[in-house]
Structures are given as structure tokens and as C-alpha cells.
Amino acid sequence: MDDWWYRNVVEPGKLPLLLALVSFVGSFLVTRTITRLIRAGKGPFRNIRTGDVHVHHVVPGIFLMLVGGFWAVAAGRHGAGPLYAAVIFGIGAGLVLDEFALILHLDDVYWSEQGRKSVEAVMLTAALVVLVLTGFTPLGVNELTPAERQNRAAFALNVGINCAFALIALFKGKLRTALMGMVVPFVALVGAVRLARPGSAWARRFYGRRPRARARAGLRAFRHDRRWAVPRRRLQDFIGGFSPQARPSPDPERPPPRRR
């Protein structure tokens, strides 16, 4: 076990990233627990106010991210400094992304429908970091042999191609697929070759004079959302503490109209 830990975590330099991930997830879970207790009126916790100003926890989160980020840059790769900086940065990132929806909408939408974007942002970030930790990106260890350099060049070419696919998937309105495709080979290819989501930049540019493509894209998006919307929202309710009663009830039997 010690040999595996050193070979796969310590030697490739992944320990700071692992600590950042753990502190990031822990910070988010602790923050959500406290905000749920405040909302329910339980426990000793209260909102922080300065006069009439409600100080959101994104404010100390930004401060901690700045401290952790600059400390990591100044500390280099050796010693315990990067480890402490990673923990501070992870805690700050958890506080900031817990209020991602507030930053996006410039409004206090923490418990509203738009507030679900914060939970989704945290889940996507944690998933991407886990993928990086499990070896989906090239991480150098000491000196490389010529054969290893050749392999790294091929890997870099593969990453470049995947980035192009990810950009196409992003233009097609498939953010999750694009993000995953940045680190997992050829995942973005699936989003790049399939129909774009209605309302995306790709659909507005290329489906304007193709009514059949617009109709197929709308029907496919409807079927996808009907299959995954309810499980995704239940997971968001469980993690984020949203009220299931406030959930709208879409009609799954009524697909979008087909255009001809």
C-alpha cells in the first residue's frame, strides 16, 4: 500500500491536488450543512451581517482562494508549503462554487431553481479533479526517456484533437460532455458528432434553414431531458437541500412540436 501511495500519488506530485480535492468537497459539504441548518432555524449558526449587508460566504472563499493560489505559486514544488496552500485553496474553492449561481446571476438565488447550478458546478469540478487524479492527464515524473518523450508527443496530439472536439460540443450546447472530453479521450467526440441542443450557438448558426434538423434536435433533447431530469434533480435535492415540493411537473407525454 505504501509503495502504491508513493508511486501513484507522491512521486507524480498529485498529493497537493488530492488535498485540494478533499478540502474542496469537505468545505462544500460543511457549508451546505450549515446553510441548511440556518434555513431550518436550527443550531447556533446565523447569517453574517455587517449592518444591512449580508456577507455571503463567497467573500471569504475568494480571499482563501487568493491566499492559497499565490502561496502555491510562491512555495514551489518542495516542502510542506504547497500542501498547506492546496488545503486553503480547496476550502476557498468550496465556498466560492457553493455560491456559483450567485456569481452567475448576480442575485441571491441560493435556494431558488437557478441555485441548482451551484451544486452542478461542484459536482462537475469534483468529477474532473478525480479524473485528473486517476491519470487522465500527462504528469511528468523526473526525467523522460526518448521513448517516453515520443509517447508524450502523441498524447499531446491526442489532447489537442480532444480539445477541438470539446469546443464543438460546447458550441452545440453540451457543457458536461465538453468538460469531460477535456480529460477523457474521445468523450467529447460523442457530443461533437451528435445533433446540437436547441438554442445553442451551433443550432442557431447551422439549423436556421434546416427545419428537419431543428425538429430532430428538439425531439432528441426532449427525450434526453425526460430520461435524466428527474434523477438529476433528486440528486441535487439530496446534496443541496432543495425542496422537492418546489419542483415543476413537466408533462413527459407531450414532446415538443415537430417543425416542417
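**Surface and overall make-up**

I began with the surface: the protein chain exposes about 16,800 Å², and carbon and sulfur atoms supply 64% of that area. The areas come from the Shrake-Rupley method with a 1.4 Å probe, and for residues only the protein chains shown count as cover.

A note to myself: this is a predicted model, where local features need pLDDT of at least 70 and side-chain atom pairs count only at pLDDT 80 or more, while totals for chains, interfaces and linings use all residues. Residues are numbered from 1 along each chain as its sequence is written, and side-chain values use heavy atoms, with hydrogens and water left out.

Next I looked up the fold and found eleven helices and two strands, in the order α-α-β-β-α-α-α-α-α-α-α-α-α. Both are DSSP runs numbered from the N terminus (helices H or I, at least four residues; strands E, at least two).

**Arg32**

I then asked: is Arg32 buried or exposed? Arg32 is buried, at a relative accessible area of 1%; buried means under 20%, exposed over 50%, and partly exposed in between. Arg32 sits in helix H2 (residues 15–40). Leaving aside residues up to four places away in sequence, I found that Arg32 touches Asp98, Tyr110, Trp111, Gly115, Ser118, Val119, Ile239, Gly240 and Phe242, a contact being heavy atoms within 4.5 Å.

**Contacts along the chain**

Of the contacts in the protein chain with a separation of 6 or more, I noted that 62% come from residues 24 or more positions apart. I also recorded that 30% of the 260 residues count as buried.

Conventions:
Buried < 20%, exposed > 50% of the residue type's maximum accessible area, 1.4 Å probe, protein only.
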